[in-house]
Amino acid sequence: VRLLGVMVSIKEDIFSAIFSPRSIAVIGASANGENTGAGYFRALVQAGFKGRLFPVSQGGGQLLGYQVHRDVRMLPEGLDYCIVAVPATQVPDVIDSCAHQKVKVVQIYTAGFAENGAIGQALQLEILERARKGDIRIIGPNCMGISCPAVNIPFGTMEIVAETGPVSFLSQSGGLTGDMILLGVERGIRFSKAVSFGNGCDLDLHEFLDFLANDNETEIIGAYVEDVKYGRRLMQQLRNLRGKKPVVLCKGGMTEPGTRATFSHTGSLTLSPHRWSGALAQAGAISVDSLEALGDALLIFQQLRSRVGRKVALVSGLSGGGGGVGVMASDTCSRAGLIVPQFSIETQEKLQHLLPAVGVIVQNPVDLGGRAGAEELLTSCLKSCLSDSQIDLMIVDLHVGKLASTAGEEKVRDISSLLIKIAQSMTKPIVVVAKPGLSPQLCLEVQQKLAKNGLAVFPSMGQAARALALFYLWREL
């Protein structure tokens, strides 16, 4: 790692101190419980962090039953992790106090550094110099820090800890990291680790990417970046991961207004869009242009672990009127590079036998003509489609709002349970497009239930098709 022009090695225990800390201090956690530091501390307590916790604030007092220490130097020596939420001008002295107590890692929430121009840049350089002298590693400044569900560390002041899983996420933006975690809770993306590193004056994208490349708990990596300090190093890191762990990156600051906003956000300079996308393609990583697309990609990589072909069966009409839906779905999938083949004659005959001759289509896409009410019939139809040798996976259009209005909410829940049973009994995956209509809460319930049982769920056919296209793109790189 290059630190102030000098190569410095990362100690082996630094990432243990970050992602499995035995002790955390929150500096700036006031006893009145009203500031950001107190929010961090409260979130850790309510999440059930099992290690030692120390609130620190000059005012002293009590916070959630914990004694608030007036100074860092009153804490035990050798703390793993300290969160700093005090004014920027106080941060250099806090770094010195942490060095005196042999703190390993300091995460600086405070803004007002390199993103604020020359004065802020000088202050950032000062804290970096003091940290180097004190053998401290810094995350930030201007960042929200980390989340690690396995050890009950929530993200920032968010008082939730999501289910742990195979995805890790790196970001310069704390707000977007929080958005991604909430999207994960909603969509069923399960995170192993999440890191907001802000200005990244010390530990940054490269160091965390090196760690995640060898982390057994991380199988998929997502990232939001605004600045790439060492482009050649990043491309080599991505090439090393090629074919081993999918890496999906979203780049901020790809337009002239975005570039201006990027510098004021984290003090970063950017690459041109053409150079960025070309370099990623050559290195074997996936590039996306929105948080929505990033979440979709992480979800599909999480749910489809094995190799899956491009040939798709499309099923609609569970609540009636699926002909036009199937036509549009076919166009959408074809434009994304998926294949919508006709079923074999044998499969078509099976479907014709199962379904009435009026109001259904059996060639692929399939229009069930509103025959979803009979569960045995629906099971036979879907299994027949998945069993076709021409088919690699199935996308089911489930219009939750429409089905709830025609058959009732319990029927929607029954069909979601049926889809789970079918998916668990077949070797080919099922992807679900769940549209809320006028039943958003029911749709969220169904979506989370399906995702928890291994089905990838998307709010639109376009999002499902584009995510699958990215999955195939990475498999073919």
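A residue is termed buried when its relative accessible area is under 20%, and exposed when that area is over 50%. By this criterion, applied here to a predicted model, helix α12, which comprises residues 345–354, has T347, Q348 and L351 among its residues as buried positions. These three residues cover an arc of only 100 degrees around the helix axis, and they therefore lie on the same side of α12. Cover for the buried residues of α12 is provided by elements including β17 (366–367) and α13 (375–387). The face turned away from this buried side carries I345, E346 and H353, which are exposed.

E346, located in helix α12, has a relative accessibility of 53% and so counts as exposed, given that the threshold for exposure is over 50%. Between E346 and S384 the C-alpha to C-alpha distance is 9.5 Å, although 38 residues separate the two in sequence.

At the level of the whole chain, 17 helices and 20 strands are assigned. The radius of gyration is 25 Å, close to the 23 Å given by the globule rule for 477 residues; the chain is therefore as compact as a globular protein of that length. The C-alpha trace spans about 80 × 50 × 40 Å along its principal axes. Of the 477 residues in the chain, 56% are buried. Among contacts with a separation of 6 or more, 74% involve residues 24 or more positions apart. The accessible surface of the chain amounts to about 19400 Å², and carbon and sulfur atoms contribute 51% of this area.

An open sheet of 6 strands is present, with mixed pairing and the strand order β10-β12-β11-β13-β14-β15. Strands β10 (145–147) and β15 (286–288) stand at the edges; each has a single partner strand, so that one side of each is left without a neighbour in the sheet. From one strand to the next, the twist averages 15 degrees. Within this sheet, strand β11 (residues 167–171) runs parallel to strand β13 (residues 220–225), and the two are joined by 5 bridges. Residue F169 stands opposite G222 of β13. Helix α6 (residues 205–213) lies across β11, β12 (191–196) and β13, and its direction makes an angle of about 170 degrees with that of β11.

A further set of parallel pairings involves strand β7. Strand β7 (residues 81–84) directs Y81 and I83 one way and C82 and V84 the other way, with all four side chains belonging to buried residues. Strand β3 (residues 23–27) pairs with β7 in the parallel sense over 4 bridges, and the bridge partner of I24 in β7 is Y81. Strand β7 is also joined to strand β8 (residues 105–108) by 4 bridges, and these two strands run parallel. Here, V84 has I108 of β8 as its bridge partner.

Definitions and conventions
Residues numbered from 1 in each chain as written. Predicted model: local features only at pLDDT ≥ 70, side-chain atom pairs only at ≥ 80, totals over all residues. Heavy atoms only, no water. Buried < 20%, exposed > 50% of the residue type's maximum accessible area, 1.4 Å probe, protein only. Arc of directions from axis to C-beta. Contact = heavy atoms within 4.5 Å. Pairing = 2+ DSSP bridges. Axes fitted to C-alpha atoms, helices over the stretch in contact; angles between N-to-C directions. Rg over C-alpha atoms; globule rule 2.2 N^0.38 Å. Areas by Shrake-Rupley, 256 points an atom, 1.4 Å probe, with all protein chains shown as cover.
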